[in-house]
Amino acid sequence: MGSTRLPGKVLREIAGKPMLAHVYERAMESGAAQVVIAADDDRIVSALADWDAQVCLTDAGHSSGTDRINEVASHLAWPDDDIIVNLQGDEPCMPASLIRQVAGCLDEHIDADIATLCHEIIEPEDWHNPNLVKVVFDSAGRALYFSRAAIPHDRDGRSELPVAGAYGHLGIYAYRVGALRRFSSLPASKLEHCEALEQLRALENGMYISVAVAGEMPGPGVDTEEDLIAAEQCLRLNY
């Protein structure tokens, strides 16, 4: 509810429903054993009453969604080996297939703590856009680094176009509950502060993040009024 760019955005109406209702529907379509909305405001609980959703009201003071989810996991006493997917409340056009994919990626890589998805970068403006986070990973799909800079860097500067192996990060994560608890107990790290990227805390502390190329591209997330219009068009076309 406290979004600075678009206050109260999770309850803004899109295609006749609060945005968060669409997100809840995408999560239900994924086939997850349980879907819980981690809320920070009583207005969210009231607005979603008609959708019969399970809502867990959490501390409004959390600094990140990860900490909010950790509170839910503790409250519901989920076992350490369970897999949780963090689907953010401003992603009404996230395909259910990607929710399944990121969970399956973590399930497949039994040594991984966290899994996430990426997509190939084609356009130069995306390559140089600091709002699009980039990820570099090894041949086994293990994350090496995330950055707002254009990485990997072409030392010879031969082109302004994205180099081979340039991937943008999609902000959807799967966690094992035990790893989520460990992550939330760690202090914010130097690289995390520098890049304003929470996932760098995990890498700095030796946690294994598995990265897979998304099977399809999600529709637009919502941060601005213009994004609301784009999301409505996406929802009316696809859902």
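**Helix packing**

Helix 1 passes helix 4 in a right-handed crossing. This is a predicted model, in which local features need pLDDT of at least 70 and side-chain atom pairs count only at pLDDT 80 or more, while totals for chains, interfaces and linings use all residues. Residues are numbered from 1 along each chain as its sequence is written, and side-chain values use heavy atoms, without hydrogens and water.

Q: Why are helix 1 and helix 4 called oblique to each other?
A: The axes of helix 1 (residues 19-29) and helix 4 (residues 96-108) cross at roughly 55 degrees and come within 8 Å. Angles under 35 degrees count as roughly parallel, 65 to 115 as roughly perpendicular, over 145 as roughly antiparallel, and the rest as oblique. Helix 1 and helix 4 are therefore oblique.

Q: Which residues of helix 1 and helix 4 meet?
A: With contact meaning heavy atoms within 4.5 Å, Arg26, Ala27 and Glu29 of helix 1 meet Ala96, Ile99 and Arg100 of helix 4.

Q: What makes helix 3 and helix 6 oblique?
A: Helix 3 (residues 65-75) and helix 6 (residues 177-185) pack at about 125 degrees, with axes 10 Å apart; they are therefore oblique to each other.

Q: How do you know that the buried residues of helix 6 lie on the same side?
A: Val177, Ala179, Leu180, Phe183 and Ser184 of helix 6 are buried (under 20% relative accessible area, 1.4 Å probe, protein chains only). They cover an arc of only 155 degrees around the axis, which puts them on the same side of helix 6. Their cover includes helix 3 and strand 9 (167-176).

Note on methods. Axes are lines fitted to C-alpha atoms, for helices over the stretch in contact, and angles run from 0 to 180 degrees between N-to-C directions. Helices (H or I, at least four residues) and strands (E, at least two) are DSSP runs, numbered from the N terminus. Buried means under 20% relative accessible area, exposed over 50%, partly exposed in between (1.4 Å probe, protein chains only). The arc is that of the directions from the helix axis to the C-beta atoms. A crossing is left-handed if the near helix is turned anticlockwise from the far one by less than a right angle, and right-handed if clockwise.
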